[in-house]
Amino acid sequence: MSAEPRLAEVTEPDPAQEAARSTEQAVKETLEDYTLRFAPRSYRRWTPMVVATTALGGIAYMADFSIGAGIGLAHGTGNALLAIAVAAVVIFVTGFPLAYYGARYNIDLDLITRGSGFGYFGSVLTSVIFASFTFIFFALEGSIMAQGLKLGLGLPLWLGYLVSTLMVIPLVIYGMTALSKLQVWTTPIWLLLMVGPLVYLVATDPGSVDRFLAYAGTDGDGGVNTASVLLGAGVCLSLIAQIGEQIDYLRFMPPKTEANKRSWWTAVVMAGPGWVVLGALKQAIGVFLAVYIIAEVGASAAPEPIQQFKHAFDAMMPSWIVLPLAVALVVISQIKINVTNAYSGSLAWTNSFTRVTGRYPGRMVFVLVNLGFALALMEADMFSFLNSILGFYSNCAIAWVVTVATDIGINKYVLKLSPHAPEFRRGMLYAVNPVGVVSFVAASGLSIAMYFHALGDTLQPYSPVAAAVIAFVLTPLMAVVTKGRYYLRRTDDGIAEPLLDEDGNPSAVVYTCHVCRQQFERPDVAACRTHDAVVCSLCLSTDKVGDHVLPATV
């Protein structure tokens with residue numbers, strides 16, 4: 001590896017210099033939070049409980065109340081509660097292996113996906129799916145906040161949409177440090193405002209519980225039926241991609257050791273798949289509050305969280321404080337989740353763009369891109385057709401998450417055809433791995449066809465089930481058919497130092513990248529093809545001509 005680098009023509013830009021400049025921009029960007037790479041031990045200075053609290057703060061969104069209300073109003077309380085429970089079980093089971101890998105190996109869901117069946121470029125598909133999740137839910141939360149601002153301050157909806165979009169930008173700029181402080185300090189206030197009215201209503205009006213349990217819905221007769229449960233579960237399962245946002249925080253977990261293993265596991269389970277427990281409770285509360293509003297004032301405002309909590313507060317407090325408290329709850333919730341949506345979306349877009357183009361434009365560019373998409377959805381009044389959007393989107397999200405979870409759980413641990421330790425560096429992976437890509441495309445494609453009645457009305461409610469089952473079956477089948485040969489392009493990264501330390505944590509040994517001259521820990525570097533030196537993963541990503549990328553050996 002001692003060959004001299006090739007000299008560029010005078011009239012041509014030097015690719016190596018372009019890569020170095022691109023990486024230098026990433027290094028200098030304010031707290032860019034290791035957008036495209038492994039989060040080093042030197043940066044992970046938070047305790048497990050701080051990381052968990054920060055991650056759970058991101059699920060303070062109000063959309064759950066709307067989702068639960070929408071399902072309950074359409075299908076009745078019994079079907080809604082069963083749908084919520086079915087979706088919660090699927091989300092917990094599939095989220096567990098993803099959360100573990102993110103926390104154990106300190107990489108985000110895109111980097112996990114690369115080495116878990118999709119390949120270096122194949123995971124661009126799922127990055128776009130995840131980025132779409134973040135701006136869809138940003139738009140949903142922004143719409144809810146705009147409803148609150150209209151009711152409380154008289155702002156027109158279009159202006160409320162704009163305010164809810166612009167106000168998160170300063171918070172997102174500063175990454176994990178600012179987000180951890182925001183989430184920790186606002187969570188107690190949010191919990192008090194959310195739980196207080198519910199406890200009061202149940203204690204002072206026991207009849208509200210009876211009305212809630214007996215509600216039959218507009219499309220049902222009060223009985224439980226499979227189609228209604230699955231249709232409702234399909235909407236709830238659109239939230240399955242939330243595990244990606246949880247992992248964006250969990251990747252900053254400290255190393256797992258004997259001394260901290262109990263708190264480490266508690267934090268991972270609670271803030272990883274455990275997010276869905278609180279999410280399911282919020283959806284059930286949404287059904288309860290919607291039924292309560294119907295009994296009080298009618299169904300027109302029941303799906304809107306601002307109306308739900310306005311009427312709940314109205315039952316327990318003087319009228320002069322009701323609106324301020326309801327608006328405060330909505331605003332706090334919107335800020336807590338939408339800084340996460342904007343942050344995680346910017347990571348996903350940056351990952352995709354850099355791999356496809358070989359350029360790193362900076363994470364803040366894609367914060368603005370993501371917010372632009374979200375604002376357009378809000379102005380198009382997406383809230384009015386919420387369940388249709390979420391029902392369609394859930395098919396793609398389920399196919400992706402189940403494929404990756406199955407690759408980790410079955411292909412890695414049972415069949416042992418997928419490499420145990422995750423790999424994400426360019427040069428180590430094939431461009432496309434048919435195991436994940438074929439499974440994902442087949443599962444999402446067929447389930448979407450079912451959702452749009454292409455296979456008949458009878459099968460339409462089963463589209464989320466089809467997405468999960470096809471992904472679960474095809475992922476190990478494709479691994480067996482391909483004999484696992486498309487996971488690793490090479491098994492040796494050219495560095496003698498092991499990737500993992502004696503405790504199984506990513507090694508903290510530091511190397512200097514010879515392209516950008518910055519220091520990186522062992523999992524983030526590989527040997528250079530043309531120099532007797534190492535190159536960081538971001539410089540490998542921005543190497544347009546492949547000067548530094550190691551050749552294939554398998």
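# A first look at the helices and their neighbours

In helix α14, Gly286, Leu289, Ala290, Tyr292 and Ile293 meet Gln307, Gln308, Phe309, His311 and Ala312 of helix α15, where contact means heavy atoms within 4.5 Å. The residues of this contact of α14 with α15 comprise 6 nonpolar, 4 polar and no charged (Ala, Val, Leu, Ile, Met, Phe, Trp, Tyr, Cys and Pro count as nonpolar, Asp, Glu, Lys and Arg as charged, the others, Gly among them, as polar).

The model you are looking at is predicted, with local features requiring pLDDT of at least 70 and side-chain atom pairs pLDDT 80 or more, while totals for chains, interfaces and linings use all residues. Numbering starts from 1 along each chain as its sequence is written, and side-chain values use heavy atoms, leaving out hydrogens and water.

## The whole protein

The secondary structure comes to 21 helices and 4 strands (DSSP runs numbered from the N terminus, helices being H or I of at least four residues and strands E of at least two). Of the 554 residues in the protein, 59% are buried. Take the contacts between residues at least 6 apart in sequence: 80% of them join residues at least 24 apart.

## Two helix pairs

Back to the opening pair: α14 covers residues 275–296 and α15 covers residues 305–314, and they pack at an angle of about 70° with axes 9 Å apart (axes are fitted to C-alpha atoms over the stretch in contact, and angles run from 0 to 180 degrees between N-to-C directions). That makes α14 roughly perpendicular to α15 (65 to 115 degrees; under 35 is roughly parallel, over 145 roughly antiparallel, the rest oblique).

For another arrangement, turn to helix α3 (residues 63–75) and helix α11 (residues 226–236), whose axes come within 10 Å and cross at roughly 165°. Helix α3 is therefore roughly antiparallel to α11. From α3, the residues Ile67, Ile71 and His75 meet Ser228, Leu231, Gly232, Val235 and Cys236 of α11. Sorted by type, the residues of the contact of α3 with α11 are 5 nonpolar, 3 polar and no charged.

A search of the whole structure turns up 23 aromatic pairs (ring centres of Phe, Tyr and Trp, its six-membered ring, within 6.5 Å; planes under 30 degrees apart are stacked, over 60 edge-to-face, the rest tilted). Among them is the stacked pair of Phe96 and Trp265, at 6.2 Å centre to centre with 10° between the planes. This pair links distant parts of the chain, since Phe96 sits in helix α4 (residues 77–105) and Trp265 in helix α13 (residues 261–271), 169 residues apart. Phe96 and Trp265 also belong to one aromatic cluster with Tyr100, Tyr101, Tyr105 and Trp264.

Ile306 lies in helix α15. Not counting residues up to four places away in sequence, Ile306 touches Gln147, Gly148, Leu151, Ala326, Val327 and Val330. Ile306 and Ala146 are 160 residues apart in sequence, yet 9.6 Å apart in space, C-alpha to C-alpha.

Gln460 is in the loop between α19 (434–451) and α20 (463–482). Leaving aside neighbours within four places in sequence, Gln460 is in contact with Leu231, Met450, Tyr451 and His453.

| Residue | Relative accessibility | Class |
|---|---|---|
| Ile306 | 1% | buried |
| Gln460 | 10% | buried |
| Phe96 | 31% | partly exposed |
| Trp265 | 32% | partly exposed |

How values were computed
Buried < 20%, exposed > 50% of the residue type's maximum accessible area, 1.4 Å probe, protein only.
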